[in-house]
Amino acid sequence: MEYVVLARSCRPQKFGEVVGQDHVVTTLRNAIRMNRTAHAYLFSGPRGTGKTTVARIMAKALNCSERVTEEPCDQCASCREIRDGVSIDVREIDGASNRGIDEIRELKENIRFAPVSSRYKIYIIDEVHMLTKEAFNALLKTLEEPPPHVIFIFATTEIHRVLPTILSRCQHFDFKRISIRQITENLTAIAEKLNITISPRGLALIAQGGAGSLRDAQSLFDQVISYAGETIEDGDIETVLGITDRRYVSDMLQAVLEGRAGSCLEIVNDMYFAGEDIRRFYQTFTRSLMGLMTAHVSKNDELLAEFTEDERGELRRRTETVSVEVAGRLLGMLLAGDEDMRRASDPRLYFEYLLVKMATLEPVIPVDEMISRLEALESRLRSGRSPVGTSPASPGTQEKTSMPEEPPPPEEEPVDRQGDAGEDRLWKLFRKRLKQENPILFSKMSGGVFLAAGEGIIKIGFPRGFVFLDNLREPEARELMNRVASECAGGDVTVHIEEMNGRHEGNGANGNAGGKRPIEELKSEALRHPMVQKVLDTFEGAEVRDVRIKEKHS
């Protein structure tokens with residue numbers, strides 16, 4: 001007996017056997033049961049999803065002479081003829097071969113005649129999008145008002161190429177890709193029927209190779225059986241389908257994540273001499289990283305259906321040690337290089353270059369950790385505690401970033417406020433105490449110019465429109481400055497904030513004549529600035545290379 005391939009011998013013969021198209025099958029069965037059958041149907045979707053199969057089952061159900069329910073009996077003469085493709089009243093037409101207006105004219109002539117032995121004359125036109133525009137237009141009138149004994153069923157993989165005027169005259173059903181789980185279940189049933197020994201992982205690999213097409217998966221299964229016989233090992237499937245050994249994927253991912261660039265090159269070398277296709281491995285490796293990101297953001301295993309159960313478990317475990325940011329960076333590099341990989345004259349060389357870049361990337365700080373560290377720093381600054389030396393940085397980092405702490409201020413005697421010397425001493429002590437109390441407020445006040453002190457008042461001048469002027473005039477800020485000034489002077493002192501129209505030297509912003517300050521003092525103060533310390537504390541390993549004094553121009 002002549003051998004029939006699995007895609008044909010295991011083809012569904014009833015609605016209940018159709019896989020993965022419940023929305024289509026339910027509607028058609030209900031239409032038959034309620035006698036609400038349309039005169040034209042249009043089935044669209046990817047190849048191998050059951051469009052022509054459902055069209056044949058529909059034809060059998062409509063013409064079945066012994067049908068009790070909406071299911072065809074598959075035993076009567078009409079059902080057998082349709083199944084064997086010899087029915088006079090059910091014609092299957094290839095749209096690619098009969099695409100001209102002459103063929104459509106002949107069809108229009110034939111539909112006038114009544115069916116020979118069936119209830120309906122049914123025309124199944126496959127790949128209908130291949131018809132010419134003239135052929136479509138010739139079919140319009142017949143499609144709009146066909147004879148009562150004629151039913152059209154169109155099938156296409158490219159619905160966008162079908163004219164809107166044809167679409168509007170048909171009931172349209174969109175066939176979906178079949179899930180890997182459903183394909184695996186179908187292949188399992190076939191294996192049991194044929195007494196084929198194969199592992200669940202092997203069936204999953206074949207289902208993945210089908211890419212949503214049940215017919216393609218059955219054809220691949222047929223090919224594997226021809227290669228390995230009735231006992232099929234996973235290695236046989238990988239050999240026939242050209243699937244990359246998953247061990248290479250796992251080892252490569254581990255090497256990249258651990259920053260072992262040398263190991264990455266060794267794995268590529270082993271793959272190359274093992275006969276692996278570098279471009280195919282590139283795609284598999286990219287999908288694995290996408291799977292890692294998916295495992296991070298979702299617990300739904302349906303989104304990881306292309307991976308076996310063991311591979312899904314491995315991806316879940318990796319999420320505990322690899323952040324989604326790291327996985328995203330690596331995946332982004334692979335996606336960005338996809339086009340270059342396809343065009344590369346030496347794909348191995350390009351892949352090795354990319355792997356070295358990926359393995360030597362500087363580590364990233366997760367966003368959540370960055371935010372928590374910044375919040376902790378802000379909290380310490382608000383409480384008046386210096387952030388220097390309090391970060392969890394390594395000792396080497398602290399040596400780079402920490403500045404010598406100022407010794408605690410000695411107990412000061414009440415300041416003599418008579419004369420310039422007393423004023424200068426009071427101003428310096430006030431600035432020192434305020435910096436210890438509230439570094440942020442001190443940094444805002446440092447832009448001012450010391451004008452005068454005396455009779456319970458310290459006057460500080462700021463240019464008109466100074467950015468922090470409103471902050472310094474807030475009640476909490478004024479209360480704190482008044483308290484610090486009073487403690488320094490040994491009596492009640494009020495700090496006055498004044499606006500200046502032009503340049504005002506006063507006694508110097510830091511108590512030096514003419515406002516001039518030594519360059520080393522300015523540099524030292526810049527290094528101790530709270531914002532500088534905040535940056536150094538946040539970014540481990542950062543250091544200040546140089547401090548430049550901005551020249552003022554009159």
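In what order do the three strands of the open sheet stand, and what is the pairing? The order is S6-S7-S8, and the pairing is mixed. Helices (H or I, at least four residues) and strands (E, at least two) are DSSP runs, numbered from the N terminus, and two strands pair if DSSP finds at least two bridges between them. Everything here comes from a predicted model, in which local features need pLDDT of at least 70 and side-chain atom pairs count only at pLDDT 80 or more, while totals for chains, interfaces and linings use all residues. Residues are numbered from 1 along each chain as its sequence is written, and side-chain values use heavy atoms, with hydrogens and water left out.

To stay with this sheet, strand S6 (449-454) and strand S8 (494-500) sit at its edges with a single partner strand each, so one side of each has no neighbour in the sheet. Neighbouring strands are turned by 20 degrees against each other on average, direction ignored. S6 and strand S7 (residues 457-463) run antiparallel and are joined by five bridges. Ala 453 has Ile 458 of S7 opposite. The hairpin of S6 and S7 has two residues between the strands, and Glu 455 there takes a positive phi near 55 degrees. Helix H24 (residues 475-489) packs on the sheet, where it touches S7 and S8, and its direction makes about 120 degrees with that of S8. Angles like this run from 0 to 180 degrees between N-to-C directions, with axes as lines fitted to C-alpha atoms, for helices over the stretch in contact; contact itself means heavy atoms within 4.5 Å.

Another open sheet has five strands in the order S2-S3-S4-S1-S5, and here the pairing is parallel. Strand S2 (90-94) and strand S5 (171-174) are the edge strands, each pairing on one side only. On average, neighbouring strands in this sheet are turned by 15 degrees against each other, direction ignored. Helix H3 (residues 51-63) packs on the sheet and touches S1, S2, S3 and S4, with its direction at about 180 degrees to that of S3. Helix H5 (residues 101-110) lies across S2, S3 and S4 and runs at about 165 degrees to S3. Inside the sheet, strand S1 (residues 40-44) pairs with strand S4 (residues 150-156) in the parallel sense over five bridges. Phe 43 has Ala 155 as its bridge partner in S4.

Not counting residues up to four places away in sequence, Ile 125 touches Ile 93, Gly 95, Leu 107, Ile 153, Phe 154 and Ala 155. Ile 125 is buried, at a relative accessible area of 3%; buried means under 20%, exposed over 50% and partly exposed in between (1.4 Å probe, protein chains only). Asn 98 is 27 residues from Ile 125 along the chain, and their C-alpha atoms are separated by 9.4 Å.

Leaving aside neighbours within four places in sequence, Leu 355 is in contact with Met 252, Val 256, Cys 264, Val 268 and Phe 285.

Two packed helices are described by the angle between their axes and the distance between the axes. H14 and H18 pack at about 30 degrees, with their axes 10 Å apart. H14 is therefore roughly parallel to H18 (under 35 degrees counts as roughly parallel, over 145 as roughly antiparallel, 65 to 115 as roughly perpendicular and the rest as oblique). The contact is made by residues including Phe 285 and Leu 289 of H14 and Phe 351, Leu 355 and Met 358 of H18. By class, the residues of this contact are 10 nonpolar, no polar and two charged. Here Ala, Val, Leu, Ile, Met, Phe, Trp, Tyr, Cys and Pro count as nonpolar, Asp, Glu, Lys and Arg as charged, and the others, Gly among them, as polar.
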